[in-house]
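Open the model in your viewer and keep the selection panel at hand. The tour starts with how the chains meet, then moves inside one of them.

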Protein chains: 2
Amino acid sequence: MPEIVRVKMSNGEITREKNEKYLLAGGRGLVAQLLADEVDPACEPLGAKNKLILATGLLAGTTASSGSRTSVGAKSPLTNGIKEANVGGNFGWNLGRLGIKAIVVEDLPAADHAYVLEVGENGIKLLVRDDLKNLGTYETSRLLLEEYGKGASCLCIGPAGENKLYGACVAVSDPQGELKFAARGGMGAVMGSKGLKAVVALGTKENRVTYHNKDLFTAAARKYTSELANSDKVKQVNQKVGTNGIFLAVNAMGALPTKNFSQGSFEYAENLSGEKMYELICERGGEGRTGMSCMNGCAIKCSNIFPDVNGKKICSTLQYENVALLGSNCGMTNLDDVARLNHVCNDLGLDAIEMGAALGVAMEMGLAEFGNVESALKLLQEVYLNTPLGRMLGHGAKVTGEVLGCRRIPVAKGQAFPGYDPRALKGNGVTYLISPMGADHTAGNCFGARATVDPLGTEKQGDLSRNTQIQITTLDCLGLCMFARPPLFAEPQLLADLINGLFGTELTVDDVWQLGANAIRTERNFNLQAGISPAQDRLPEYLYSEPLAPTGHVFDLSEEEIQKAVVK
Amino acid sequence: MPEIVRVKMSNGEITREKNEKYLLAGGRGLVAQLLADEVDPACEPLGAKNKLILATGLLAGTTASSGSRTSVGAKSPLTNGIKEANVGGNFGWNLGRLGIKAIVVEDLPAADHAYVLEVGENGIKLLVRDDLKNLGTYETSRLLLEEYGKGASCLCIGPAGENKLYGACVAVSDPQGELKFAARGGMGAVMGSKGLKAVVALGTKENRVTYHNKDLFTAAARKYTSELANSDKVKQVNQKVGTNGIFLAVNAMGALPTKNFSQGSFEYAENLSGEKMYELICERGGEGRTGMSCMNGCAIKCSNIFPDVNGKKICSTLQYENVALLGSNCGMTNLDDVARLNHVCNDLGLDAIEMGAALGVAMEMGLAEFGNVESALKLLQEVYLNTPLGRMLGHGAKVTGEVLGCRRIPVAKGQAFPGYDPRALKGNGVTYLISPMGADHTAGNCFGARATVDPLGTEKQGDLSRNTQIQITTLDCLGLCMFARPPLFAEPQLLADLINGLFGTELTVDDVWQLGANAIRTERNFNLQAGISPAQDRLPEYLYSEPLAPTGHVFDLSEEEIQKAVVK
């Protein structure tokens, strides 16, 4: 069975172990179990007692499409609770093939160095690489991939992580050398506190993934992958407009974050839409592309490169959440401005969602101007300079709003809302409140169910949120991308077959969903012990009293409805 | 019985009521009961649902020495829990004589004005006074006292409160027109959120205090006041060196906050001592004074005016906590520097303890220099300018430390430590953790028991803290100064006689202590409902691992010992 690698930053000690206990724990579930077993929930997130966990899902390194995402987890400096952020790229794929289930980074470094952990078939080494100090994520990964070869995948932090900013993310390189981000919850700050600048997972000759029943696995993997690859949604939506394909739909619902969540639709929405993005990429050509895979063997191919008018790359990948938060939420009227902001956030190693929300707050308070990209870029320069102002912004929307004295701070449990105003998509409001992850678009996003549950209604939202939380968390345990869900949710036996084929278990479909449910239970218990009381299950007060145009709705769900979303 | 006045800032409505329920609730106990009865514990501290309460103690306006302190309470933006800060000055005395038990300030103002509430025998009026906007506390109270006459007492906020900084305090004028401060927990920010710049309690001709058994009351009041006035401690210590008389003792214990709590004693301690202060005041003459009462009829007279070399007033009053936090904790080597810093904090309307801790953190992170008063004054200028940097500092040590990325942030429950490092006075560490007030020198200060319970020991600290919390809170309910305690704790029947004489009750001494204990129970329950879980009963991690010179101690009490301090 795959190994768990431990790296103790205080003395450089590296150990490897196999533990049957974690056989069926993967991704988010493995993060939850390891943290619950080993970390004091009341510890300081950036202190010696916290641990950074890089975990693969159960399917890592296999032939199942979109199944090698990497979970990055720790106690979060942003939410003060447990956090898992997962990310595409080839890191998880490489770890899976190396026979590594998780890397657990412990303790604080004895000296102020930038360390790189090199993980390959020939061993694991912790190296001092002070030459990488303060480099952006792009330069860091470029240098390391140049050194270790294209087969390698680089997981790294930027200056924001090194400076322990609560909005710092973790970047992971994909097959094209572009970067994907484990964005949320300040996992980059925890990595920075450990002194770990990067982890390189080398490419492998040998594949150490073993299959207990390869026929069963392969049949399920083929069926699922083929259905996914041949679906209209993947071909017509994911591979062209990517996740930003929902932009106009969210705008039409009136749930689009606009000018610091002060309205739910934006007059320039067309300009920021996925359709416009696709049109511009095709029209401008040059380095522009769509339909790129973010990990080996992924059939979804939703990545893109957005070029400027001269065809030169501005940013890869433009995604819905980032366009909503850095775009309409900051009043930006075109995708070029959004792409420029997104690129800077990526390079700093900052969560673009958290920063879009923080910039929106800063704009409301007069530090920059809605729609003025230069004023926003100027603020982001402060983050590079690590000034008090830059640090405030880099800590995210809550700290920025508190320091500046803003009454409208769009956060739940300390974390900024993603691209759905909870007043016009109430199920997401429930998820922001009840999920142990705080406000997170990947923790139980009810947008997909808008045709069956009225986003403005006051009923069925609790059940919807809970079920979605469980389903999505289950995917997170397997390392599967949530955009792979249509064929899997239509025929969940495929999920059971994939696991049983790999491990020789006899899980039923119900057992499979319990992987997700159990992870959430473990997380919620961790948060309770961390001092996050259910009394904190509240959204900011303005959401209960200020109606959101154009629907005119406030967040008005009953406590009873909200509590239905708790996974008991 | 005395009235409760309510002021609704949204429409200016003023109502007055008598409520038997609160007959025996006074000061801190009245704050606790009113907040528990009327305020949603999970509300936003600076939002419409919070209420600001100005409450008198049970003895307000009577002839009992030092018994007319004013309790200022609300849910705190600093701790996110319940908060009461009490203060001398003549405000409570005047309110008591006006027959007013409490003023409850509700809701948010409809317009952006600076309001003044005028409270007198001829009625209560809410006035728009935009001419006072952004004025310092000294200028505000000078103008209002000039207008309303010397018999009036002015309770006001400075720019910090108007700007809703979490470190903002509430200032109250004393018989000399000098200011005293309800310093802790950001009560000034709550007052600022209500748009209330000042409350003026006018002097009275008629005294509305009624006595059920005047003989009983007067006998007790005379005995207590005379014992207090004639005690050596009052005459030799309080009236000369004031609260700063303990400076050298705390230094000798090794518990003195020094350079951001990095050491427990300071090489320039002699320079900052009460003895040195008294010597300089006598030597310099001019406006310098000691032995001043902070409210009518107080026998303790611990107030002072500290003059510069030319005899011109720098600051009134220099007190131990402020000298410790703005002095040794900021590395200041003389009282002139401390007095200058203290005066600026006072004028801004900022808690000098919170600011001393915030400046210490800022100095450790390189924003100013330990011992360099000009560098510290420069930072405080940012608060006047209301810049993001100034706002960060004005929010106190926690926000400052988090933004700047400091690992040593001397706070408990969001509030800065007062002048006792918990590693060398462990009972106070217990109080910081367990008291619903967070780190507060008035919530159960174990310094006075250093001869009977070893400050460095690991036993008896829980019981000591709990008993001290109950005793001091009882004084807070009566409106009594804690420096009046020697004759009262020696003969607690005096406390019962005072209450029974006033109200015709038949309280035993045990009943009297239950006033304090019940207030704490109510507060703790409020905090639990506010989401402050017992899991948050932790000091910062560095206190458990970094030994404090010169004793070499860490905070090493068992969880069992700490939990003994909970008032069950």
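Two residues are in contact if their C-beta atoms, placed from the backbone, lie within 7 Å. Keep that cut-off in mind for the interface, and note that this is a predicted model.

**Stop 1: the interface.** Select the residues where chain A and chain B touch. The contact takes 23 residues from chain A and 23 from chain B. On the chain A side, the elements that give two or more residues are helix 15 (388-394) and helix 16 (397-404). Colour that side by class: nine residues are nonpolar, eight polar and six charged. Of the interface residues of chain A, 100% are also interface residues in chain B, so the copies meet through the same surface.

**Stop 2: a helix pair in chain B.** Show helix 6 (residues 214-230) and helix 20 (residues 493-503) of chain B. They pack at an angle of about 145 degrees, and their axes are 7 Å apart. The crossing of these two helices of chain B is left-handed. Helix 6 of chain B brings residues including B:Phe217, B:Ala220 and B:Tyr224 to the contact. Helix 20 of chain B meets them with residues including B:Leu494, B:Leu498 and B:Gly501. By class, this contact has eight nonpolar, two polar and three charged residues.

Terms used. Residues numbered from 1 in each chain as written. Chains lettered and ligands numbered in written order. Predicted model: local features only at pLDDT ≥ 70, side-chain atom pairs only at ≥ 80, totals over all residues. Helix = DSSP H or I, 4+ residues; strand = E, 2+ residues; numbered from the N terminus. Nonpolar A, V, L, I, M, F, W, Y, C, P; charged D, E, K, R; others polar. Axes fitted to C-alpha atoms, helices over the stretch in contact; angles between N-to-C directions. Left-handed = near helix turned anticlockwise from the far one by under 90°.
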